[in-house]
Amino acid sequence: MTAEPSRSADRMRASDADREAVVEQLREAAAEGRIDLDELDARLSQALTAKTYGELAPLTDDLGPVVSDPGEPLTLQGGIHGAQRKGRWKVPPKIVAYGGMGGVRIDFTQAECRLREIQVEVDAQMSGVQIVVPVGWKADTDALDLGFGGVKDKTVGERLPGTPVLRITGTCGMGGVHIRHPNFRERRRQRKELSR
């Protein structure tokens, strides 16, 4: 009974992001010496023309999973007074945000991030969670429970190459989850800080 879902998943159409992820994994494998340059070239051309997950999967099956130590997640608890992470900070692979009564604000605009994917687990509770991302970053909210507060995604445009995707899960609670780019005042303040 488990074989049938696997076959249907193999037939699902692959996205540009899926192909990019495979290409990146192949390049990392070549850099580590797990595949040679001829094999890299052959696999890259297959990855770039793959139409389904079934065509992509065999290209990395023998490479094993990419193992990285996620470490402890960054946990932000809004409590009564609220919590925020802004300015220059290093983004971990996983962030957990509890809105509480004061709310949580996560500002990625000046953060140092070398990750392709960031897991953001939210429990927006009463006051919600606000996420500020640079232009070109993508937020995936498909697995987010809308609760009463719902989600407002005001980001625009396509994901730029080399930028991460935020996989946002959890619940919007009553306060909701709001995703946006920096506003005019925030952009002006950042320009002033950079010119110092």
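**Figure 1. Pairing of β9 with β11 in the predicted model.** Two strands are said to pair if DSSP finds at least two bridges between them, and it is in this sense that the partners in the legends below are named in what is a predicted model. Strands β9 and β11 run parallel and are joined by 3 bridges. In this pairing V151 stands opposite V177, a residue of β11. Strand β9 covers residues 151-153, while β11 covers residues 177-180.

**Figure 2. The whole chain, shown for orientation.** The secondary structure of the chain consists of 5 helices and 11 strands, and the C-alpha trace spans about 55 × 50 × 30 Å along its principal axes. The chain has 196 residues, of which 36% count as buried. When contacts between residues at least 6 apart in sequence are considered, 69% of them join residues that are at least 24 apart.

**Figure 3. The open sheet of 5 strands.** The strands of this open sheet follow the order β2-β4-β6-β11-β9, and their pairing is parallel. The edges are taken by β2 (83-85) and β9 (151-153), and because each of these has a single partner strand, one side of each is left without a neighbour in the sheet. From one strand to the next, the twist averages 5°.

Figure 4. On the side of β4 (residues 104-107), strand β6 (residues 129-132) is joined through 4 bridges, and the two strands run parallel; here I106 stands opposite I131 of β6. Strand β6 is also joined to β11 (residues 177-180) by 4 bridges, again with the strands running parallel, and the bridge partner of I131 in β11 is I179. In a regular strand, side chains alternate between the two faces of the sheet.

**Figure 5. Packing of α2 against α4.** Helix α2 (residues 16-31) packs with α4 at an angle of about 10°, the axes of the two helices being 10 Å apart. Angles under 35 degrees count as roughly parallel, and α2 and α4 are therefore roughly parallel to each other. From α2, the residues D18, R19, V22, Q25 and L26 meet Y53, L56, L59 and T60 of α4. By class, the residues of this contact of α2 with α4 divide into 5 nonpolar, 2 polar and 2 charged.

**Figure 6. Packing of α3 against α4.** The axes of α3 and α4 come within 9 Å of each other and cross at roughly 160°, and because angles over 145 degrees count as roughly antiparallel, α3 is described as roughly antiparallel to α4. The crossing of these two helices is left-handed. The contact is made by R43, Q46, A47 and T49 on the α3 side and by E55, L56 and L59 on the α4 side. These residues of the contact of α3 with α4 comprise 3 nonpolar, 2 polar and 2 charged ones.

**Figure 7. T52 in the loop between α3 and α4.** T52 lies in the loop that falls between α3 (37-49) and α4 (53-60). Its relative accessibility is 15%, and since buried means under 20% relative accessible area, T52 counts as buried. Leaving aside residues up to four places away in sequence, T52 touches D10, R11, M12, R13 and A14.

Definitions and conventions
Residues are numbered from 1 along each chain as its sequence is written. This is a predicted model: local features need pLDDT of at least 70, side-chain atom pairs count only at pLDDT 80 or more; totals for chains, interfaces and linings use all residues. Side-chain values use heavy atoms; hydrogens and water are left out. Buried means under 20% relative accessible area, exposed over 50%, partly exposed in between (1.4 Å probe, protein chains only). Contact means heavy atoms within 4.5 Å. Axes are lines fitted to C-alpha atoms, for helices over the stretch in contact, and angles run from 0 to 180 degrees between N-to-C directions. Angles under 35 degrees count as roughly parallel, over 145 as roughly antiparallel, 65 to 115 as roughly perpendicular and the rest as oblique. A crossing is left-handed if the near helix is turned anticlockwise from the far one by less than a right angle, and right-handed if clockwise. Ala, Val, Leu, Ile, Met, Phe, Trp, Tyr, Cys and Pro count as nonpolar, Asp, Glu, Lys and Arg as charged, and the others, Gly among them, as polar.
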